[in-house]
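User: I should like to learn how to read the features of a protein model. Please begin with a helix.

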Amino acid sequence: MDERGRSKVADVDRSLYDFKKPEEGYERYGDGLTPDIVRAISAKKDEPAWMLEMRLKALEVYHERAMSPNWGPDISGLDLDHISTYVSPQTKQAQSWDEVPEDIKDTFERLGIPAAERESLAGVGAQYDSEIVYHNMREEVAKQGVVYTTIEDALHDPKWEPVVHEYFGTLIPMRDHKFAALHYAVWSGGSFVYVPAGIRLDYPLQSYFRLNASGAGQFEHTLIVVEPGADLHFIEGCSAPKYFEANLHAGAVELFVKDGARLRYSTIENWSKNMYNLNTKRATVGAGSKMEWVSGSFGSHVSYLYPTTILQGARSTCEFTGITFAGATQDLDTGCKVILNGADTTASIDTKSISKDGGINTFRSSVVIGRHAERARASVSCQSLMLDDISRSDTIPAMDVRCGSASVGHEATIGRISDDTVLYLMSRGCSEAEARSMVVNGFASPVSKELPLEYAVEMNNLIKLEMEGAIG
């Protein structure tokens, strides 16, 4: 019991995510970033000349750009001179789960990946440190012409290498920021997805990223092209064990949604709390198309994460639904950006944030309505819940409206769990911990209900883990 007579709960058990595997026999390039390391990564992957040229150019841009922005969380604890940009378990990519090495297989089995594949996925890719170790897709999906593979494999396919060349790096320029340049210099792993016109997948595709190595970075690149009239749900999962030195995640996601198509991109991130999560995600959307983001962020020490949608075509729409959970030692700066360029475009942003134990949540949004976006409509809703009096939540919206017929609205609320609500639930037989968890789960339900059942359960379990010890 504490001085206020309230119960204490034991420290959270994160053994499901924090277990580590030894790096015996791993290939690990030296710390820092040099032309020799960039060339070594490219040579290992036997890339076409244009990709090596792009990497080396990105390296130049990386060294030109300043390290830290003058806004947002402090990233001075990230020493890039002591981050390994490439770590490989030295195993070949498997298409049969039985072929995956036992220690890596054990990792993903403990995270539930094979079970999810059997029950609810059309295809799955599993990345371990810098390389994809397993990739598979249902035969009936492949017969429809859907391509789901690694970018490395696509670069070695005469049919798909020109497609990768056409799209790669066009939505997220290397000059966007320093970590975009870093990404293009040392990227490794990730996924290439191509859905032919008119094809609608009944089950999601998923990539799961596990960073096992200490003092390392993960730089996967996801490239998805959804052709006109097609429909895809893609799920991204991430986790890492906790170390007492910084790790870095600086991936990139480029999404191309053609006319009349729909793409839902769902993410559950559970990075360890020594992670600097500096990921960049961007989508461009054609006429009459729909882009949906579902985002759950539960980890990392520092996050800068703002998925961006460009509504280029008329009557295109964007829906963003997100939740962020910041606990002790966490400073999470998240949100999204929508650029409405087409006529009759609509954007809806609905986010939740939860802060406890001194955690800091910052919601940062940007809505830009172009001069020719006649009758465009955008609404932004941000709700924040603080579980104690030492946490912090901030809302920083930005709206740039350049069309007189557009309509934009913003709503933000910040509050705490009502003691009356907790007392009422306790009077109905709940413990204090159960009562507070029920309130938080109800607060998060708009996000969890948007996920497939298995992933909604995972998100609720993460909330339960984070809530343990939050009775202060």
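Analyst: Helices are DSSP runs of H or I with at least four residues, strands are runs of E with at least two, and both are numbered from the N terminus. The expected span of a helix is 1.5 Å times one less than its number of residues. Helix α11 (residues 432–448) has 17 residues and should therefore span 24 Å, which agrees with the 23 Å between its end C-alpha atoms. This is a predicted model, in which local features need pLDDT of at least 70 and side-chain atom pairs count only at pLDDT 80 or more, while totals for chains, interfaces and linings use all residues. Residues are numbered from 1 along each chain as its sequence is written, and side-chain values use heavy atoms, with hydrogens and water left out.

User: Where does α11 bend?

Analyst: The bend at a residue is the angle between axes fitted to the seven residues ending there and the seven starting there. In α11 the bend is about 35 degrees at Gly 442, and Pro 446 follows within four residues.

User: Which residues of α11 are buried?

Analyst: Buried means under 20% relative accessible area, exposed over 50%, and partly exposed in between, with a 1.4 Å probe and protein chains only. Among the buried residues of α11 are Glu 432, Arg 436, Val 440 and Phe 443.

User: How many aromatic pairs are there?

Analyst: Rings of Phe, Tyr and Trp (its six-membered ring) pair if their centres lie within 6.5 Å; planes under 30 degrees apart are stacked, over 60 edge-to-face, and the rest tilted. The count is 10 aromatic pairs. One of them joins Trp 160 and Phe 192, whose centres are 5.8 Å apart and whose planes stand at 55 degrees, so this pair is tilted. Trp 160 lies in the loop between α7 (151–155) and α8 (161–167), and Phe 192 in strand β6 (residues 190–195), so the pair ties together parts 32 residues apart in sequence. Both Trp 160 and Phe 192 are buried.

User: Which residues have the most contacts inside the largest nonpolar core?

Analyst: A nonpolar core is a set of buried Ala, Val, Leu, Ile, Met, Phe, Trp, Tyr and Cys residues joined through side-chain atoms within 4.5 Å. The largest has 53 residues, and those with the most contacts inside it are Leu 78, Val 164, Phe 168, Leu 182, Phe 192 and Leu 248. Apart from this core lies another, of 42 residues, among them Val 253 and Cys 382.

User: What does the charged end of Lys 178 sit over?

Analyst: A charge sits over a ring if NZ of Lys or CZ of Arg is within 6 Å of the ring centre and within 35 degrees of the ring normal. The charged end of Lys 178 sits over the ring of Tyr 62, 4.0 Å from its centre.
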